[in-house]
Amino acid sequence: MSFHSMKVAEGLSTESSIVVETIQRSGMFGKLLTVERETCTSVANSLRSNGVSYRSNVSNMSSTRYKGKDGKEDSGLDIGIAPPQHAKWQSIGAIMVSEVVGAGVLTLSRKYAQLGWIPATIFIVVIFLITVYTSNMMVEVKKVFPAIISMADAADYTFGRVASSFVQVLMAIFLCTTLGDYMLLIGKSLASTLYSVHLCFPVWVTISLLVIFPVMQLRTLNSTTALCVMNMVSICAAVALVIAGLVIDGRDPGVETFLVAEDLDFLTFMQALSAIFFTFGGQFMFYELMAEMTDFTEFPWTFSIAGPFQVPIYLIVGTVGYHYKGVDASGYFLDNLPFGWMYRLASALLCFHMLIAFLILGNVLSRILHLYFSPYRVNDLGLRGKLEWLGCTSLVIVVSFVVANAIPFFEELTSLIGGLLVPSLNMIFPILFYIRTKQMVDLKIKGWEWVVYVFLIAFGALVTVVSTYMNLKAIIDGWSTYGAPFSCHCDQIWNTCDCSPTRMEFTGFNCSIAEAP
């Protein structure tokens, strides 16, 4: 699969014919980067005129300096502590470890209940291996076009401006819906921490919005390493509390588990896969991570750090929840706990985790929007720059608020994002970019490679179509059962029999007696 054997073109046009542009890009965690590179059109023209293998060789990257109120660039304010292209693969691997355990892991015990022991375990491992495989493809494409900073850049170099715009739109949808999912969890976990305070779900989400809004006005995230560590510790502690609670309460004698779920059908299988895909959704930022590395060709080595942590955590959460709850395992891991101090503490830790996750991802999307709407003032710390940043962050927060209230069902929203968007970002796009790059540099694709690529693309497309249909159906059913968007939705967040009968029962409260005349 490697392009190492590809020879750089000889007899290229003179340097004066190379068209160089200076652009700004949003890098890792929204770090603002200035990139000097050969234009995509210039690269394409060189390929057509030379008719030989070609490698873009004009690329320079640096952190963008912010302008202070006086308009001077050298104000000492920078988006990142370290300049780009200085990180070792071990450091990037550590960052990936801190980011791999997120909201998606909370659905995995339910996926085991839907699939059974064998299919769920196999596909967690298989999707991880697919992620590693397509990530290697991303590296190979960047070897040819080293100025790639994002997935949209890869689309631009390989398929052109229209494809780049399409990828940018898809990325924006992914980020908006994921942030909506995060805001949903912030509201839900905040309500769960204070479950005896009976406020409707939209009110809790509004409170979450008010908490997030001032924090989002931070233009720089200089302590991203500390944020990532706190993020990882908080989610691991929350998950550990749930596991401890399940172990303490023990396994009910009537709990049933199956090697392959008894009622498993094709549609349920595809729907369950969508949630597993979501847990590996971080691949959309891999090009940004590569931009931080001294040698981005070492990026595949990061999985030797992230993989041994990520996959076991996913398997532990899924198997423990399924073992103790069986087919009744919840799609929101914390719902496997009864009301009590452990549930409060786990919810508070999760709330803290999601606040940090929202801050980091929200900063990324806000930076992208600011670059799109006002590229010349994205690094301006004056009044206008601050007002523009306020507008971008306000738009991000309001859209997230609407998504969280429109689809107030965590498992269904997570699965919808995982099925509709992640297969394309993780699998289909990297494969297409790789195929196109090989064609551009006149490297033949072998027959067995075509078989693998077509199979993976078809598999990704199938998951996208079928799971999206099933998840939309589940959301519509949820509206019918629990109420329309922006309804009260007190399910599993109030300690009452009307709103949380199941949790009240395993908390020790007999709802049937309480409801008796």
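Guide: Contact here means heavy atoms within 4.5 Å. By that criterion, the buried residues of helix α3 are covered by elements that include α4 (117-144), α9 (266-279), α11 (303-325) and α14 (410-420). The model is a predicted one, and what follows describes that prediction.

Helix α3 spans residues 108-115. The helix is mostly covered, with seven of its eight residues buried. Those seven are Leu108, Ser109, Lys111, Tyr112, Ala113, Gln114 and Leu115. Directly after α3 comes Gly116, which has a positive phi near 100°.

Lys111 deserves a separate look. Its relative accessibility is 2%, and because buried means under 20%, Lys111 counts as buried. The side chain of Lys111 makes a polar contact, at 2.8 Å, with the side chain of Glu411. Leaving aside residues up to four places away in sequence, Lys111 touches Gly116, Ala120, Ala272, Ala275, Ile276, Glu411 and Ser415. Among these neighbours, Ala120 falls within the range of α4 (117-144). Ala272, Ala275 and Ile276 fall within that of α9 (266-279), while Glu411 and Ser415 belong to α14 (410-420). The Gly116 touched by Lys111 is the residue with positive phi that follows α3.

The wider setting is as follows. The protein chain has 517 residues, of which 57% count as buried. It contains 18 helices and three strands. Of the contacts in the chain with a separation of 6 or more, 80% are between residues 24 or more positions apart.

Two packed helices are described by the angle between their axes and the distance between the axes. For α6 (residues 161-193) and α15 (residues 422-440), the axes come within 11 Å and cross at roughly 160°. Angles over 145 degrees count as roughly antiparallel, so α6 and α15 are roughly antiparallel to each other. Their crossing is left-handed. On the α6 side the contact is made by Phe166, Val167, Leu170, Met171 and Phe174. From α15 come Val422, Ser424, Leu425, Phe429 and Phe433. By class, this contact has nine nonpolar residues, one polar residue and no charged residues.

Note on methods:
Residues are numbered from 1 along each chain as its sequence is written. This is a predicted model: local features need pLDDT of at least 70, side-chain atom pairs count only at pLDDT 80 or more; totals for chains, interfaces and linings use all residues. Side-chain values use heavy atoms; hydrogens and water are left out. Helices (H or I, at least four residues) and strands (E, at least two) are DSSP runs, numbered from the N terminus. Buried means under 20% relative accessible area, exposed over 50%, partly exposed in between (1.4 Å probe, protein chains only). A polar contact is a pair of N or O atoms within 3.5 Å; within protein, one must be able to donate a hydrogen and the other to accept it, and residues adjacent in sequence count only if both atoms are side-chain atoms. Axes are lines fitted to C-alpha atoms, for helices over the stretch in contact, and angles run from 0 to 180 degrees between N-to-C directions. Angles under 35 degrees count as roughly parallel, over 145 as roughly antiparallel, 65 to 115 as roughly perpendicular and the rest as oblique. A crossing is left-handed if the near helix is turned anticlockwise from the far one by less than a right angle, and right-handed if clockwise. Ala, Val, Leu, Ile, Met, Phe, Trp, Tyr, Cys and Pro count as nonpolar, Asp, Glu, Lys and Arg as charged, and the others, Gly among them, as polar.
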